[in-house]
Amino acid sequence: MQNKDTQADTTTSKQSFNHNQLPLVVGVDLGGTQIRTAVLRGPTLLSRVSLMTGKNPSPGRIIPRVYTAIQEALDKAGTTIEQIAGIGIAAPGPLDSKTGVIFTPPNMAGWDHVPLRDIFTEHFHIPILVENDANAGGLAEHMFGAGRGCNNIVYLTISTGIGGGVIIDGKLLEGASGTAGEVGHMTIDWHGERCPCGNIGCLEYIASGTSIARKANEAIHAGEGIELLTFARTMLQHSTTVPNPSALPTQGHDPATVELRFPPEETDDTTSLGSETGDEQQEEHLHVNARTVALAAESGIPLARAIIENAAQAIGVGLVNIIHCFNPEMIILGGGVTQMGPMLMEPALRVVQEHAMKVPREAVRIVQAQLGDNVGLVGAGALIYYYSKQ
Ligand SMILES: [Zn+2]
């Protein structure tokens, strides 16, 4: 991403924290496509096991596989469940973290009011905590990532969907029924399209990777995207390989905070692109994904540029709303779409510069997340540390 602030962060409030004193925990990152388990000490992964969720992700099929994956992670780390302080589970919302019940996540077919915490407690007989994945990600960045030492942060993750975790005065904002911080479903365009959540003009329905892809494919089907389609076909033929930029610094690192400043400055960084943002391409029904749209925009195709610009402005409006509602000292951006770089972030930050109220705007730093692909696992483990302090 552009505007890298390569200087070491000199914030005095950063904790120099000895992770070695933290107990071992197990993290479970329960996703719509992948399930991952790990044994962790703080942000450090001692082992990691991944398995595909598969086409039939019913609880009866998935839960025993998670048990096995946890055991494998314990074996790999050379430890046993008796040495573990607790198991944290980051799962797709909506869910109630107080009871550990998962409601009906749209990408987990067959899940309907599953009392995951109680099921796991009965099996493992150690503390179990369940939290929505974006909240867990926010906790991870707060405790071990870009937000260390900051007590007022908003974590915004933009990939296939858009999620948020809000930490105010050092506490995770949960709300009356555990759904606070659903920043992906704030209204950006109240004359816009209906989001599957029921609301109209949600940020997620405009600016997620899935939405960027959807807008491109709608234009193609309407006959407006010949140039984009030709670009996508050429890409497919050449199977262009773009380095995966989501390989961000992970555990054990103390990378300098990458800060996005506004107004943005010119640099000569190469553009990086997310890779988890849309459907696969198939020649029969060529379905363009967000990554292809971003590459097409980079190469100057007007339709692609317009789609990215629209998403960028929506993200900018979303950031303004976040700044006005929460007055955070830091907004931490994660997820593949934010890796698109200046093409996306410059217009977004321009909107912030032009629209946000001066006092909270001057108080906020907008930075990149630091925990990369492991944020879900680190966040799941962080639940045990966080709630044991409460
Ligand atoms: Zn929505």
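Trainee: Is Cys-202 buried or exposed, and what is its relative accessible area?

Mentor: Buried means under 20% relative accessible area, exposed over 50% and partly exposed in between, with a 1.4 Å probe and protein chains only. Cys-202 is buried at 0%, whereas His-185 is partly exposed at 25%. This is a predicted model, in which local features need pLDDT of at least 70, side-chain atom pairs count only at pLDDT 80 or more, and totals for chains, interfaces and linings use all residues. Residues are numbered from 1 along each chain as its sequence is written, and side-chain values use heavy atoms, with hydrogens and water left out.

Trainee: Which residues coordinate the zinc ion, and why is the arrangement tetrahedral?

Mentor: Ideal angles are 109.5 degrees for four tetrahedral donors. Here His-185 (ND1), Cys-195 (SG), Cys-197 (SG) and Cys-202 (SG) coordinate the zinc ion at 2.0 to 2.3 Å, donors being N, O and S atoms within 2.8 Å of the metal (3.2 Å for Na, K and Ca). The arrangement is tetrahedral because the 4 donor atoms subtend angles of 106 to 114°, and the criterion is that all angles lie between 85 and 135 degrees. Along the chain the donors follow the spacing H-x9-C-x1-C-x4-C.

Trainee: Which residues of helix H2 are buried, and where do they lie around the axis?

Mentor: An α-helix has 3.6 residues a turn, so residues three or four places apart point the same way. In H2 (residues 116-124), the buried residues are Leu-116, Phe-120 and Phe-124; helices are DSSP runs (H or I, at least four residues). These residues cover an arc of only 40°, which puts them on the same side of H2, the arc being that of the directions from the helix axis to the C-beta atoms.

Definitions and conventions: Tetrahedral: all angles 85-135°; square planar, octahedral: opposite > 155°, others 65-115°. Helix = DSSP H or I, 4+ residues; strand = E, 2+ residues; numbered from the N terminus.
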